[in-house]
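Colleague: I'm new to this one. Could you walk me through how its labels were assigned?

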Amino acid sequence: MKDFAELILQLDQTNKTNEKIKHLAAYFAVASDQDKVWAIALFSHRRPKRPVNTTVLKTWAAEVANQPLWLIDECRTLVGDLAETISLVLPSPSQKGEKSLSEWLDVVIGLHKLSDAEKKQAVIQAWDSLNQAERFVFNKFFTGGWRLGVSQKTMINALAQVVDIEKAKIAHCLMGDWNPKKITFDELMQDAGTEVLPSKPYPFFLSYAVDVPEQEPLVADGFLAEWKWDGIRSQIIKREDALYIWSRGEELISKKFPELGSLLEVLPNGTVIDGEVLPYKEGQILPFGKLQTRLGRKNVTKKILEEAPVIVKAYDLLEYKHADIRQYPIEERKKLLLQVVAEAATENLQFSEVVPIASWEALDVLRKTSRDYAAEGFMLKKKGSPYLDGRKKGYWYKWKVEPFSIDAVLTYAMRGSGRRANLYTDYTFSVWNAARELITLTKAYSGLDDEEIRQVDNFVRRNTLNRFGPVREVKPQLVFELAFEALQPSSRHKSGIALRFPRVKRWRHDKKAEEANTLEDVQELLKAYQPSV
């Protein structure tokens, strides 16, 4: 545990990728095999199920520290992280613990079998045998969210320095539904090119954003174009008479889309398709908002199936007749994919057509109509390219349509977390309703540079009207242009509208609050985006 806690401190103290790789490789070189497995699991978001919620954990910490709960909350606001706050307020340990990372995780997993009183005793005993850095790590097992800037690619590069396996194969090894409690390091790192578990997906090939292709520069006749559909990027796998659907976030989502179970009957074994799960009804692709009604639900009701049925738009073929064909040129993979889709002969699986590129100018004209096709723009894929893993320069690009935007007034602010815990960086924005009252529209957490954040923070501190716990209401003076990808009706929002991926596009120093957009303006955008509204 001591070594892993030291690794966390080292990772937190640098924003340089090469430094992070160096620290990770050093840890993997000396850690026990089971600790390696758990470290990989934690950094790839495979934290064990939480046995105690954060409110209970905070209450126990306040009791042990002999401090009122409100003071713990105030400290958390300043520190920016609950796990770190608890590690700081607890008294010094009276004993020294020698458990490894995997042994402490066994303790955490074992809490599920205990009564509430036994859980409390076990957690307090753990705190009493860990130093501040180790307590922080232990607390993170309950609160989550490392925020250390360790991507899957960074971890793979570090592992490649320790094990004699190609990076692409390591990436494949780490995919899928493996349990760190039940797998050894050797089993996890076995050659992905020899035996493939039936459910195991391939690493997804990702793209870079491009504003204008000529700026790269990209040669028009060297690329294929296809619509960038707005759904859930997925892999559809048929092996050993079973069907598996994986999201790009490595979540097994087969049960969320039972209507796609029919693909089990029409796809041959040894088939892996890269595609997009899209809401689709009566020959039309529906807005992404319709798909969101199905996410996060334990049960998919008959009503939901009727209102937001789905299909798969197939982009690429990764496995054909049990053979990994990712190294085939994209044209060959597309040709085989078209054959697979045609033989399946079902509306639930549709081929994503290639769009001819006469010139970038001509494609740009079509790109600006993307929303008419329920698309976000175009994917540009280099001719002859293999299907790689992660992002690789020069191969795939996304050329998206311009986002929606509105001008809104800053009305509330809250401190951020981590390194920005002392700055007001989490903002709530409002627009004017028909009575010329400001009504909350959305929150946004990104888009300003460091200097702008400091200026807004200064404004918030000098212009606070009311305080509601950690939230400050401010004078409605500052106007910002917000960008967002889509919008949909929402009964959960006071405005009746939810924005997708809202962020600050720019600070409108040239506008007064009275000149910001109205709720009616936003409703007009909604009608244009969703004509049935």
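Predicted model: local features only at pLDDT ≥ 70, side-chain atom pairs only at ≥ 80, totals over all residues.

Modeller: Let's start with strand E8, residues 310–320. Strands here are DSSP runs (E, at least two residues; helices are H or I, at least four), numbered from the N terminus.

Colleague: Why is E8 called largely enclosed by the rest of the structure?

Modeller: Buried means under 20% relative accessible area, exposed over 50%, and partly exposed in between (1.4 Å probe, protein chains only). In E8, 11 of the 11 residues are buried, so the rest of the structure largely encloses this strand.

Colleague: What makes E6 and E8 a pair?

Modeller: Two strands pair if DSSP finds at least two bridges between them. E6 (residues 271–281) and E8 have 8, in the antiparallel sense, with Gly 275 opposite Ala 314. E10 (residues 349–351) runs parallel to E8 with 3 bridges, and there Ala 314 has Phe 351 as its partner.

Colleague: How do you know there are 0 disulfides?

Modeller: A disulfide is a pair of cysteine sulfur atoms within 2.5 Å, and a search of the whole structure finds 0.

Colleague: Why is Cys 75 called partly exposed?

Modeller: Its relative accessibility is 25%, so Cys 75 counts as partly exposed. Cys 173, at 2%, counts as buried.

Conventions
Residues numbered from 1 in each chain as written. Heavy atoms only, no water.
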